[in-house]
Amino acid sequence: QVQLVESGGGLVQAGGSLRLSCAASQRIFSSNVMGWYRQAPGKQREPVATITSGGVPFYADFVKGRFTISRDNAENTVSLQMHSLKPEDTAVYYCNAGSGGGAYYTPNYWGRGTQVTVSS
């Protein structure tokens, strides 16, 4: 059974930090690129960051220098550390697993999402 479960969302003031985590089933985690997408109200879902099974990260331009993606292959978890949060980062953040790297990443499995709200 495919399972991706996010945690760590919440409300934070602009300039603050949050850390999102995603626990994945071993079958999915071990063979897939892991990533985070987000969807703001009224907007399309967009990629935020990905990380290969070997630990190579890729970031959307709008989060470079502020967000860090990491994975723990022993615990089957992927995390997104977010710093210097802005109100425009407000969105539902989705963990996913897929194939391809960087700009060629294609998510195949999705979590249910966790809400991140950044107040001004």
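Predicted model: local features only at pLDDT ≥ 70, side-chain atom pairs only at ≥ 80, totals over all residues.
Which residues is glutamate 6 in contact with, leaving aside its neighbours within four places in sequence?

**Entry 1: glutamate 6**

I found glutamate 6 in strand 1, which covers residues 4-7. Leaving aside neighbours within four places in sequence, I listed its contacts as Ser21, Cys22, Trp36, Tyr93, Tyr94, Cys95, Gly111, Arg112, Gly113 and Thr114. I then looked for a charged partner and came back without one: glutamate 6 is buried yet has no salt bridge. The nearest side chain of opposite charge belongs to arginine 112, and I noted a distance of 7.6 Å. What does the side chain of glutamate 6 reach at 3.2 Å? I saw that it is the backbone nitrogen of arginine 112. The side chain of glutamate 6 also reaches the backbone nitrogen of glycine 113, at 3.0 Å. I wrote down both aspects of arginine 112 together: its side chain is 7.6 Å away from glutamate 6, while its backbone nitrogen is reached at 3.2 Å.

**Entry 2: the core**

Next I turned to the largest nonpolar core, which has 29 residues. The members that touch the most other members are Met34, Trp36, Val78, Leu80, Met82 and Tyr93. I checked which elements give two or more residues to this core, and they are strand 3 (18-24), helix 1 (26-31), strand 4 (33-39), strand 5 (46-51), strand 7 (67-72), strand 8 (77-82), strand 9 (91-99) and strand 11 (114-119). Not counting residues up to four places away in sequence, valine 78 touches Leu20, Ser21, Cys22, Phe29, Met34, Trp36, Ile51, Ile69, Ser70, Arg71 and Cys95.

**Entry 3: salt bridges**

How many salt bridges does the structure hold? I noted four.

I began with arginine 38 and aspartate 89, whose closest N and O atoms are 2.9 Å apart. This pair links distant parts of the chain, with arginine 38 in strand 4 and aspartate 89 in the loop between strand 8 and strand 9, 51 residues apart. Is arginine 38 buried or exposed? I put it down as buried because its relative accessibility is 6%, and the cut-off for buried is under 20%. Aspartate 89 counts as buried too, at 1%.

Aspartate 89 has a further partner in arginine 66, and here the closest N and O atoms are 2.7 Å apart. I placed arginine 66 in the loop between strand 6 (57-59) and strand 7, 23 residues from aspartate 89. Arginine 66 is buried, with a relative accessible area of 10%. I then followed the shared partners and found Arg38, Glu46, Arg66 and Asp89 joined into one network.

I also looked up aspartate 61 and lysine 64, which form a salt bridge with closest N and O atoms 3.1 Å apart. Both of these residues are exposed, whereas arginine 38 is buried.

**Entry 4: aromatic pairs**

I counted three aromatic pairs. For tyrosine 37 and tyrosine 105, I noted ring centres 6.4 Å apart and planes at 45°, so the pair is tilted. Tyrosine 37 lies in strand 4 and tyrosine 105 in the loop between strand 9 and strand 10 (106-110), so the pair ties together parts 68 residues apart in sequence. Both tyrosines are buried.

I went on to tyrosine 94 and tryptophan 110, an edge-to-face pair at 6.1 Å centre to centre, with 80° between the planes. Tyrosine 94 is in strand 9 and tryptophan 110 in strand 10, so this pair ties together parts that are 16 residues apart in sequence. Tyrosine 94 counts as buried at 12% relative accessibility, while tryptophan 110 is partly exposed at 34%. Ring pairs link Tyr37, Tyr94, Tyr105 and Trp110 into a cluster.

**Entry 5: glycine 100**

Where does glycine 100 lie? I found it in the loop between strand 9 and strand 10. At 35% relative accessibility, glycine 100 counts as partly exposed. Leaving aside neighbours within four places in sequence, its contacts are Val33 and Tyr105. I also checked threonine 50, which is 50 residues away from glycine 100 along the chain, and their C-alpha atoms are separated by 9.7 Å.

Terms used
Residues numbered from 1 in each chain as written. Heavy atoms only, no water. Core = buried A, V, L, I, M, F, W, Y, C linked by side-chain atoms within 4.5 Å. Buried < 20%, exposed > 50% of the residue type's maximum accessible area, 1.4 Å probe, protein only. Helix = DSSP H or I, 4+ residues; strand = E, 2+ residues; numbered from the N terminus. Contact = heavy atoms within 4.5 Å. Lys, Arg positive; Asp, Glu negative; His and termini not counted. Polar contact = N/O pair within 3.5 Å; in protein donor to acceptor, adjacent residues only side chain to side chain. Phe/Tyr/Trp six-rings, centres within 6.5 Å; stacked < 30°, edge-to-face > 60°.
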